[in-house]
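Please open the structure in your viewer and keep the selection panel at hand. The tour goes from one selection to the next, and at each stop the text says what is there.

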Amino acid sequence: MIDIRNATKIFKTKSSDIQAVDDVTLRIEQGEIFGVIGYSGAGKSTLIRMLNGLEQPSSGEVVIGEDIISTMNRAKLRKKRQKVSMIFQHFNLLWSRTVEENISFPLEIAGVPKKERQQRVADLIDLVGLTGRGNNYPSQLSGGQKQRVGIARALSNNPEVLLCDEATSALDPETTDEVLDLLVKIRDEMDLTIVLITHEMHVIRKICDRAAVMENGRVVETGPVIKLFQNPEHNVTKRFVKDDINDEETALSFEEVREMFPTSKILKLGFVGSQSKAPIVSQVVKKYNLDLNILSGNIKRTNNESYGHLYVAIDINEADLANLEAELAEHAVTVEVEG
Ligand SMILES: Nc1ncnc2c1ncn2[C@@H]1O[C@H](COP(=O)(O)OP(=O)(O)OP(=O)(O)O)[C@@H](O)[C@H]1O
């Protein structure tokens with residue numbers, strides 16, 4: 001549905017050429033919530049701005065549906081932006097207009113008759129949970145409510161694609177989750193494709209189906225979200241996943257454990273889906289008559305699955321370890337030896 005083919009963007013400045021996006025190829029399917037994550041300067045904003053033609057690639061192609069965005073003229077692009085709309089970190093609302101008037105604005109530009117506009121605005125206000133706030137000004141709303149207005153405004157022309165540029169980065173964690181839930185709801189109800197950029201792995205985990213990780217303009221890893229969390233391959237992905245589970249304390253206790261049990265191995269056991277709720281580890285431990293110390297563990301939810309890790313210290317020889325790995329693998333439990 002969205003095809004980014006070998007897209008490159010080079011900004012020419014007086015002092016140097018900056019390669020913001022470097023040979024990116026991605027395909028995003030209809031109805032997906034697709035996340036792009038990276039640290040500051042990775043090229044996320046430039047990439048997402050190519051999807052609505054706010055930036056044109058220096059080389060390569062961006063295609064949405066039947067339209068080649070990267071070669072469209074201005075007039076066609078303006079029309080296409082009604083179908084590829086965007087929400088922003090700082091909401092970009094018109095401060096002198098009420099909630100209703102903000103949401104109505106794109107419809108006025110599109111020439112929608114007043115009666116139809118009013119009905120559409122009322123429906124959108126209900127959809128985003130702002131019933132009764134239509135006559136408020138943005139300054140009278142909380143951050144989360146302002147973003148709801150931004151979302152309603154972005155949906156006014158029935159877009160096919162919604163681009164979210166750090167849409168929850170200015171919000172507190174609870175409000176972030178409420179806005180993310182709203183994005184899932186509108187994707188489900190309106191069969192939208194959502195592309196979001198973020199530097200928060202929590203956002204990716206909570207609502208995305210698939211994600212791409214960017215560094216220095218390149219996509220360094222891409223895949224289903226559960227795979228990125230369960231088995232991150234690139235160092236940047238590993239850092240994001242680690243930040244999300246916030247296991248610095250685990251790292252500290254590893255050192256202590258190594259001192260306390262110098263002969264023990266530290267294993268990280270990984271589970272996905274229903275396996276993360278079953279007593280597989282205790283069954284295998286009993287079967288092989290092993291002693292283990294549990295160091296830490298967690299179960300987290302992605303948009304549609306749970307996954308978990310358990311760190312254990314275990315005194316085990318290589319032969320028994322191979323047996324243990326084989327047995328656990330039969331139950332789709334992964335085993336990594338730490339350090
Ligand atoms: N208009 C521009 N002119 C020159 N350089 C630019 C321009 N826009 C972006 N860049 C540079 O391109 C690189 C990628 O920037 P971009 O904003 O796409 O990254 P980002 O991942 O979105 O970062 P952030 O989260 O900080 O916005 C950076 O080095 C940035 O300084």
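Begin by selecting residues 285-334, which an unreviewed UniProt entry annotates as "coiled-coil region"; UniProt positions are given here in the numbering used for this structure, feature names are shortened, and annotations may be inferred rather than shown by experiment. Helices (H or I, at least four residues) and strands (E, at least two) are DSSP runs, numbered from the N terminus.

What you see is a predicted model, in which local features need pLDDT of at least 70 and side-chain atom pairs count only at pLDDT 80 or more, while totals for chains, interfaces and linings use all residues. Residues are numbered from 1 along each chain as its sequence is written.

Next, colour domain 1 (2-236) and domain 2 (247-337) separately; such bounds come from an automatic or database domain assignment. The centres of domain 1 and domain 2, taken over C-alpha atoms, are 39 Å apart. Where they meet, nine residues of domain 1 are in contact with seven residues of domain 2, contact meaning that the C-beta atoms, placed from the backbone, lie within 7 Å. Helix 7 (201-207) and helix 8 (225-230) each give two or more residues to this side of domain 1, and helix 8 gives the most, with four residues.

Now move to the open sheet, whose six strands stand in the order 6-7-8-3-9-10 with mixed pairing; two strands pair if DSSP finds at least two bridges between them. At its edges lie strand 6 (84-88) and strand 10 (218-224), each pairing on one side only. Strand 6 runs parallel to its partner, strand 7 (residues 161-165), over five bridges, and Phe88 has Asp165 in strand 7 as its bridge partner.

Then select helix 1 (residues 44-51), which packs on the sheet and touches strand 3 (33-38), strand 6, strand 7, strand 8 (193-198) and strand 9 (210-215). Is helix 1 mostly covered or mostly open? Seven of the eight residues of helix 1 are buried, that is, 20 or more other C-beta atoms, placed from the backbone, lie within 10 Å of their own. The buried residues are Lys44, Ser45, Thr46, Leu47, Ile48, Met50 and Leu51. Finally, just after helix 1, pick Gly53, which takes a positive phi of about 75°.

Conventions:
Two residues are in contact if their C-beta atoms, placed from the backbone, lie within 7 Å. Axes are lines fitted to C-alpha atoms, for helices over the stretch in contact, and angles run from 0 to 180 degrees between N-to-C directions. A residue is buried if 20 or more other C-beta atoms lie within 10 Å of its own, exposed if 12 or fewer, and partly exposed in between; C-beta atoms are placed from the backbone.
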